[in-house]
Amino acid sequence: MLILKAVGAVAVISSAIFWSSAQKSKDSARLKRLESQIAFVRFIRDKIDRYLAPITEIMRDCDDEILQGVCIGCADSACVDVQALQILLKSGTYYSDGGEIMDSFLSGLGTSYREGEIAGCDACIRGLCEVYERLKRDLPRERKGRAVLALCLAAGIVIILI
């Protein structure tokens, strides 16, 4: 009987550790997605600033790696216009970090002249960089708190089991 309790205790503690590490990888994915969104907006800004390219041409020229980083499925051929990208971004968990900023940027994209487009890109980049820096600053503390909470819950369950 004691062996079964020990096995159960090990299982509970290992599942808490596994959950904590899975959350850590999700946090890393959130930061990487924000980096990709910033790179995407910088790419658009560069194309508008240097070549005065229309939005449809910019979306066609966008690298699949950048689009794949922005959201899963963005690199598909269906995502060659701004509306399709907006729909994809709103449909997933991509909206949680900087989603309003990207949505506002994409809504205004292609609606004004060069100076207005560049100003919109710059505002979006600033906003996404602020979100990125806040997340980068806060995530280590959140990770530590989640890990401690998971291990405390696991220890409590183990105490109840034994």
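1. Start with Leu52, which sits in the loop between α1 and α2; helices here are DSSP runs of H or I with at least four residues, and strands are E runs of at least two, numbered from the N terminus. Leu52 has a positive phi of about 50 degrees, although it is not a glycine. Leu52 is also exposed, at a relative accessible area of 58% (exposed is over 50%, buried is under 20%, partly exposed is in between, using a 1.4 Å probe and protein chains only).

2. A word on what you're looking at: this is a predicted model, where local features need pLDDT of at least 70, side-chain atom pairs count only at pLDDT 80 or more, and totals for chains, interfaces and linings use all residues. Residues are numbered from 1 along each chain as its sequence is written, and side-chain values use heavy atoms, leaving out hydrogens and water.

3. How confident is the predictor? The average pLDDT (the predictor's confidence in each residue, from 0 to 100) is 84 for the protein, and 92% of the residues score at least 70. Confidence is highest in α6, at a mean of 91, and lowest in α4, at 76.

4. Next, look at α1 (residues 2–51) and α6: their axes come within 9 Å and cross at roughly 175 degrees. (Axes are lines fitted to C-alpha atoms, for helices over the stretch in contact, and angles run from 0 to 180 degrees between N-to-C directions.) The two helices are therefore roughly antiparallel to each other; that label is for angles over 145 degrees, with under 35 being roughly parallel, 65 to 115 roughly perpendicular and the rest oblique. The residues of this α1 and α6 contact divide into 29 nonpolar, 5 polar and 14 charged. Here Ala, Val, Leu, Ile, Met, Phe, Trp, Tyr, Cys and Pro count as nonpolar, Asp, Glu, Lys and Arg as charged, and the others, Gly among them, as polar.

5. Helix α5 (residues 99–108) also packs on α6 (residues 114–161), at an angle of about 170 degrees and with the axes 9 Å apart. That makes α5 roughly antiparallel to α6. On the α5 side, the contact (heavy atoms within 4.5 Å) is made by Ile101, Met102, Phe105 and Gly108. The α6 residues include Glu117, Gly120, Cys121 and Leu128. By type, the residues of this α5 and α6 contact are 7 nonpolar, 3 polar and 1 charged.

6. Now the inside. Leaving aside residues up to four places away in sequence, Ile44 touches Ile58, Phe105, Leu109 and Cys121.

7. Ala150 is in helix α6 and counts as buried, at 10% relative accessibility. Its C-alpha is 5.3 Å from that of Ala16, although Ala150 and Ala16 are 134 residues apart in sequence. Ala150 touches Ala16 and Trp19, not counting residues up to four places away in sequence.

8. Last, Ile157, which is also in α6. Ile157 is partly exposed, at a relative accessible area of 42%.
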